[in-house]
2 protein chains.
Amino acid sequence: MLKPVSQPFPLGLEMLYLVGLGLGDAKDITVKGLEVVRRCSRAYLEAYTSVLTVGKEALEEFYGRKLILADREEVEQEADNILKDADISDIAFLVVGDPFGATTHSDLILRATKLGIPYRVIHNASIMNAVGCCGLQLYKFGETVSIVFWTDTWRPESFFDKVKKNRQNGMHTLCLLDIKVKEQSLENLIKGRKIYEPPRYMSVNQAAQQLLEIVQNQRMRGEEPAITEDTLCVGLARVGAENQKIAAGTLQQMCTVDLGEPLHSLIITGGSMHPLEMEMLSLFTIQENSSES
Amino acid sequence: MLKPVSQPFPLGLEMLYLVGLGLGDAKDITVKGLEVVRRCSRAYLEAYTSVLTVGKEALEEFYGRKLILADREEVEQEADNILKDADISDIAFLVVGDPFGATTHSDLILRATKLGIPYRVIHNASIMNAVGCCGLQLYKFGETVSIVFWTDTWRPESFFDKVKKNRQNGMHTLCLLDIKVKEQSLENLIKGRKIYEPPRYMSVNQAAQQLLEIVQNQRMRGEEPAITEDTLCVGLARVGAENQKIAAGTLQQMCTVDLGEPLHSLIITGGSMHPLEMEMLSLFTIQENSSES
């Protein structure tokens, strides 16, 4: 008989809380999460891997407390500041979506554990499960990929192999689209000036255009691409928010469909589909303008 | 230029709300979800695909209202009762986890849409994303499988091919374990007596034992099984609840590890692992009794 597994830490101690904020706005936090945020001594807001439809101020107003913005640099290089006194008071680390969703915060947990600080996770919806709202079945998703902004000199295509493998296995592919916050221009970086560019969020249009370019590159190399202009895709914007939008159509249509403000995500369907999936997608089918076609 | 996609229904009308309750207890509902549940005219609780660690009464007390239990029969055959008057009042359909998580409720949405009833989804954590708490990266999960209770005459093995395919691609497999609620004994079924057996929830031990039996069957047939007694697995119980347990160990160890009350889930790892995944799993490694080994 194996010993019951004891979790690293008993509850009821002072600790680090990782709180998922869900998707949408301030009210998408769970009741349990809100109680933690209100009573803890410091609350950090992770602000570099995702965004809600409202800003820090709206969150502060609803939560009734100040939040400390934590950028990537701080979380990765100054984690000890975040964890300071977490053994004698409660510290909350707030994450859009779920703390173990698209981005895991394992680093912070491992660091806390090494310092003897207990932790607890308050889960919430993540884009990784909320994409199910388009009607595609979650269990039929294969490996998730990230599509990054191409530059003049860096145009990675390697993620495309994963899309191919997923489709060969009849699986859908969720594509998470790039977010650039607190980026410096090359000039400012070289000169060491802490001046940051405005945040950029990849749209479904941009992602689809990059995908089509890869398809064309593969054709030029004589390869048969795993997807074409006609592959059925789903564009999603602001999932979980009141003004969310979902559009089902071809990859070609994804290049021009207007989904509005960030955040966007894109799904490349797996080819074969369950009738119920098709019926759900039909609720979101793109209507072409009559002036076109 | 493509027309902006208009969603099926504008907001602010009377409608059907699908509300995710998250995992854990009454306080894992979101603030937005709680507001909907409190103000709607009828609130149904879907009670056949998952359970929280608390029952209907605890939910009713915290929500401050009565809930109507909806069993599978009712949702599948009498959906119109649930949707009655949803065009002139708000109706809430409460689902453990997320409405589009392990079980999708597309049927109910399509039915509502056909009746001209608007709907809205309030997302929450699902086992499909909360499993990330063990440290395995969500984007590296392949197709999700379900493991059902075997009977003397029905011992399906076909899901095992999906585990094999996932492992060939280096992907983890989440195994959702069977739940039997409101089942009739064969005798009661034949005699038409509406007497139901106590609910049954498959444990990690039972799932692991069935898996090992499949492995042995494959060996007897001269096939090389995709997993062995030594394959690294993760057992999870009551994910998101205060007393959640996670155990990382071999498939053999999963046969006897004591994880306590339902619900349980099992992950079969994909073989190759990121160092960060290994480090997180080490927090949950099963300790063998010294009297053993």
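**Figure 1. Polar contacts between chain A and chain B in the predicted model.** Between chain A and chain B, 20 residue pairs are in polar contact, with both residues at pLDDT 80 or more. On the side of chain A that touches chain B, at least two residues each are supplied by α1 (31-39), α5 (106-114), β5 (119-122), α6 (127-130), β11 (245-250) and α11 (275-282) of chain A. The largest share of this side comes from α5(A), with six residues. Sorted by class, the side of chain A that touches chain B has 32 nonpolar, 21 polar and 19 charged residues.

**Figure 2. Extent of the contact between chain A and chain B.** Chain A gives 72 residues to the contact, and chain B gives 72 residues. The area buried between chain A and chain B is about 6,500 Å². Carbon and sulfur atoms give 60% of this buried area. Of the interface residues of chain A, 100% are also interface residues in chain B, so the copies meet through the same surface.

**Figure 3. Relation between the two copies.**

**Figure 4. A salt bridge between Lys27(A) and Glu35(B).** The side chains of Lys27(A) and Glu35(B) form a salt bridge, and their closest N and O atoms are 2.9 Å apart. Lys27(A) lies in the loop between β1 (16-20) and α1 of chain A, whereas Glu35(B) lies in helix α1 (residues 31-39) of chain B, so the pair joins two chains. Between chain A and chain B the count is ten salt bridges. Over all chains, the count comes to 40 salt bridges.

**Figure 5. The annotated span of chain A.** An unreviewed UniProt entry carries the annotation "domain: Tetrapyrrole methylase" for residues 15-253 of chain A. In the model, the end C-alpha atoms of residues 15-253 of chain A lie 49 Å apart. This span is 31% helix and 19% strand.

**Figure 6. Cis peptide bonds between Pro262 and Leu263 in chain A and in chain B.** Most peptide bonds are trans. In chain A, the bond from Pro262(A) to Leu263(A) is cis, with omega near -15°. Leu263(A) is placed in the loop between α10 (251-254) and β12 (264-268) of chain A. In chain B, Pro262(B) and Leu263(B) are joined by a cis peptide bond, with omega about -10°. Leu263(B) lies in the loop between α10 (251-254) and β12 (264-268) of chain B.

**Figure 7. The backbone at Lys182(A).** Most residues other than glycine have a negative phi. Lys182(A) is not a glycine, yet its phi is positive, at about 55°. Lys182(A) belongs to the loop between β8 (179-180) and α8 (186-190) of chain A.

Conventions
Residues numbered from 1 in each chain as written. Chains lettered and ligands numbered in written order. Predicted model: local features only at pLDDT ≥ 70, side-chain atom pairs only at ≥ 80, totals over all residues. Heavy atoms only, no water. Least-squares fit on C-alpha atoms with pLDDT ≥ 70 in both. Contact = heavy atoms within 4.5 Å. UniProt positions renumbered as here; feature names shortened; annotations may be inferred. Helix = DSSP H or I, 4+ residues; strand = E, 2+ residues; numbered from the N terminus. Buried area = accessible area lost by both parts, 1.4 Å probe. Salt bridge = Lys/Arg side-chain N within 4 Å of Asp/Glu carboxyl O. Polar contact = N/O pair within 3.5 Å; in protein donor to acceptor, adjacent residues only side chain to side chain. Nonpolar A, V, L, I, M, F, W, Y, C, P; charged D, E, K, R; others polar.
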